[in-house]
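Let's walk through this model together, one question at a time. Keep the viewer open and follow along.

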Amino acid sequence: MVVSFMPYKRKILFWLLQIFYWSLYFIYSIQFVHNYEYYLRNAIPSHLLVYLFFFCYMGIPFSLILRFTYNKIRARSNSLPLLIITIVAGSILLAHLWFLEVIILDNIVEYLGHRVHPYTWQYYGWEIFSASMLLVGWSSLYLLIKFWEEWNEQKSISENAVLLAENAQLKMLRYQLNPHFLFNSLGSLRALIREDQDRAINMVTKMSEYMRYSLLSKSHTKVPLDEELEAIRNYLEIEKVRFDDKIEILYNINQRARKFLVPGFILHPVVENALKYGMQTSPFPLVININVTLYKSKLIVEIINSGSWCISKDNSMGTGTGLQNVQNRLKVTYPKTHKFKIDKLKGTVRVLIEIENDEE
Amino acid sequence: MNDNTSLNLLLVDDEPLARSDLRAVLNEMDREFSIYEADSVKAAKRTLKLEQIDIVFLDIQMPGETGFDLLKFIEPPINIIFVTAFDEYAIKAFEANALDYLMKPVNIKRLERAFHKIYLNPAEKKVISRKLNTDDSIFLKLDNEYRFIKIDSILKIESADDYTLIFTNNGAKMLTLKTMKEWESRLPEQMFCRIHRSTIVNFLNVTNIEPYFNNSYSVSITGIQEPVIMSRRYFSCIKERMG
C-alpha cells in the first residue's frame, strides 16, 4: 500500500540522525576543550564551550552540501568508484571550507577580545584531517542508510513482480477453464436431461472432451493443430446446443495442416471472441468461418465472423483479454515468424494468424 | 404482497434451454406462478407493457441488446432477480427492487430464499442490506439510470444536498439518491473511510496526506485532480486504517 506519511517521517528521521551525529562530535570534543585554551588565550571555560559548539555544528551545512551532491550524482550514474572519489574529494574540499569558517570564527573571537594563537601547519593539518574524516564518516552513514532503504524497496518490488507473474498464470488457467461457459452449459444440460436425453448424453461427451483439453493442455507446450481444432469443434457444438439455430459454423481445413504444431489454446480465444461479439453484433444466424491452410512451411489461419468489431463496455472476464493473450503468446513463441492481423470490414470481422515453425 | 396470490414472473434469457431450466426449477417449488418468457429485451418490454409482472428474472450477460436497456422499464413494485452463470464480481442489491442474484444452474434452495425476501415488507428489506465486500459490484440508480458499479472502482463519494456524488476510477461522476449515512454503513471498512462531514474516500487510492490550514489535511487521490480536505477529527481514523 502506498502510504504517504512516509516523506514526512523520513525528513524527521534525517534531522534526528543529523542532530545525533553532530552532537556526538560535540560531546566527544568537550574532553579536549583544554587544548583550545592554547589557541584562545585568556578565555573562560564557558566561552570555550560556546566556541566549541559553533565549531562543531558548523559541519551541518557541509553535510547538506554533500547530501545534495550525492543525490545529484546518484541520479545520473550508478558507478561506485565515482561515488567514492566524490566522498573523499568532496570531504577534503569541504574540510578546507570548514577551516575557512574557523578562521572567520576566530576573527570574530579576536574582535570580542580574546587573542587567537597564530596557526601552525600542524594545526592546519590536524583540522583538515579530522574535518575530512568527520565528513567521510557522515557520508558513509548517510549512503549506507540510503542503500539499505533502496535495497528494501527493491526487494518488495521484485516480490511484487513474482506475485504478478503468478497472478497472470492463474488468470490464464481460469480463462482456459472458462467458468462462464461451464456454468451456462451445465444449466443447459440440466434442461436437456429433462427434455431430450439423447442430446444430453451427447452434450456430456462433448463437454468432457472439451474440459479435458482445457485442463490438460498446457499453454506453453505445443500440440498438433488437430487437437486444438477438435477442442474448438467441441466448444462450438456445445454453444450450438445452447443457442440453437442462431449459429452456423463453416470449416475449411487443409488436411496437410493437421499435424502442424501450435501452442495449446492459441486459436481458441479467437473463436470464442468471434462468437461472443458476433452474437452481439451480427444478424441471426451468426456465421463463423474457420479456414486453415498450409503454404510451404507456413500455417495460415483465418477466423471470420459476421457482425462488426466492437469494444465492450464491461471489462469482466475474457473480453479483449483473450485476443491480447493470443497476441502476447505469439510474440513470445514466434518472435519473428508470426503475423497477427485484425480486419474490421463492413459486416464481417476477420482475424488472420500466420505461424512458421523453425525446425519442425 | 402476500403469500396467497399467484405471482406473475417474467424470464428474460436468450437461451431457450436456460429459460426452460429455470421454468422447471420454478415449477418444482411449492408456489403458484404464471410464467412468461422473453428471448430478447424487446420481447421483454412488450410483455412488461401488457402484463402485470411482479418479478423479472434477468440474465445480465445476454448478448445483443444489453440488459440495461430493460432496467429502465423495471421500476418498483416490479422486482428484479439477476441470473448469471459466472461473474468475478458478486452483484449486491443496492436498490429496493433489486432482490437477489442467482447463479446458473439455479439451486432451488437459493431460489426459495430469493422468494422469501419478496414477502418481507419494505422496512425489513432495508435491514437485511449487509456490509459490502471489496470485490462486490453494486446495482444502483445513477443519474436516473441503473448501473452496476464495482466497489473497488469508487474513488470518492461527496455529499450534494440530499444526494451523493460518486467518482469512479474511469473519471465518471454520478449522482445517486443514497445518503452519506447509507454509504458509510454499507461500504467495506478495509477500503473506505469518511474523512470529512461531506466526503468518503477509498483510502487505497490515497497517495499523499499533507497538513493544511486550520488543523485540517489535504488528501491527494489517484484519478482525482483536486486534493480533498480532511478534517482533523477523522485523521486518527484514516491513520489507523492505513497503518
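A residue is called buried if 20 or more other C-beta atoms lie within 10 Å of its own, exposed if 12 or fewer, and partly exposed in between. Please keep in mind that this is a predicted model.

Q: Which residues of α3(A) are exposed?
A: Start with the buried residues of α3(A), which are Leu48(A), Tyr51(A) and Phe55(A). They cover an arc of only 60° around the axis, so they sit on the same side of α3(A). On the other side of this helix, the exposed residues include Ser46(A) and Val50(A).

Q: How far apart are the end C-alpha atoms of helix α3 of chain A?
A: Helix α3 covers residues 45-57 of chain A, which is 13 residues. At 1.5 Å a residue, the helix should span 18 Å. The model agrees with this, because the end C-alpha atoms are apart by 18 Å.

Q: Which strands stand at the edges of the open sheet in chain A?
A: The 5 strands of this open sheet have the order β2-β4-β5-β7-β6 in chain A, and the pairing is mixed. A strand at an edge has a single partner strand, so one side of it is left without a neighbour in the sheet. Here those strands are β2 (247-253) and β6 (338-344) of chain A.

Q: Which residue stands opposite Ile249(A) in β4(A)?
A: β2(A) and strand β4 (residues 286-295) of chain A run parallel, joined by 7 bridges. Within β4(A), the residue opposite Ile249(A) is Ile288(A).

Q: What angle does the direction of helix α10 of chain A make with that of β5(A)?
A: Helix α10 (residues 268-281) of chain A packs on the sheet. This helix touches β4, β5 (298-306) and β7 (348-356) of chain A. Its direction makes an angle with that of β5(A) of about 15°.

Q: Is Glu227(A) buried, exposed or partly exposed?
A: Glu227(A) has its place in helix α9 of chain A. Its C-beta neighbours inside 10 Å number 16.

Q: How far apart in space are Glu227(A) and Arg258(A), C-alpha to C-alpha?
A: In sequence, Glu227(A) and Arg258(A) are 31 residues apart. In space, C-alpha to C-alpha, their separation is 8.5 Å.

Q: Which residue in the hairpin of β7(B) and β8(B) takes a positive phi?
A: Strand β7 (residues 136-142) of chain B is mostly covered, with 5 of its 7 residues buried. β7(B) pairs with strand β8 (residues 145-150) of chain B in the antiparallel sense over 6 bridges, and Leu142(B) has Glu145(B) as its bridge partner. The hairpin has 2 residues between the strands, and the residue with a positive phi, near 45°, is Asp143(B).

Conventions
Residues are numbered from 1 along each chain as its sequence is written. Chains are lettered from A and ligands numbered from 1 in the order in which they are written. This is a predicted model: local features need pLDDT of at least 70, side-chain atom pairs count only at pLDDT 80 or more; totals for chains, interfaces and linings use all residues. Helices (H or I, at least four residues) and strands (E, at least two) are DSSP runs, numbered from the N terminus. The expected span of a helix is 1.5 Å times one less than its number of residues. The arc is that of the directions from the helix axis to the C-beta atoms. Two strands pair if DSSP finds at least two bridges between them. Two residues are in contact if their C-beta atoms, placed from the backbone, lie within 7 Å. Axes are lines fitted to C-alpha atoms, for helices over the stretch in contact, and angles run from 0 to 180 degrees between N-to-C directions.
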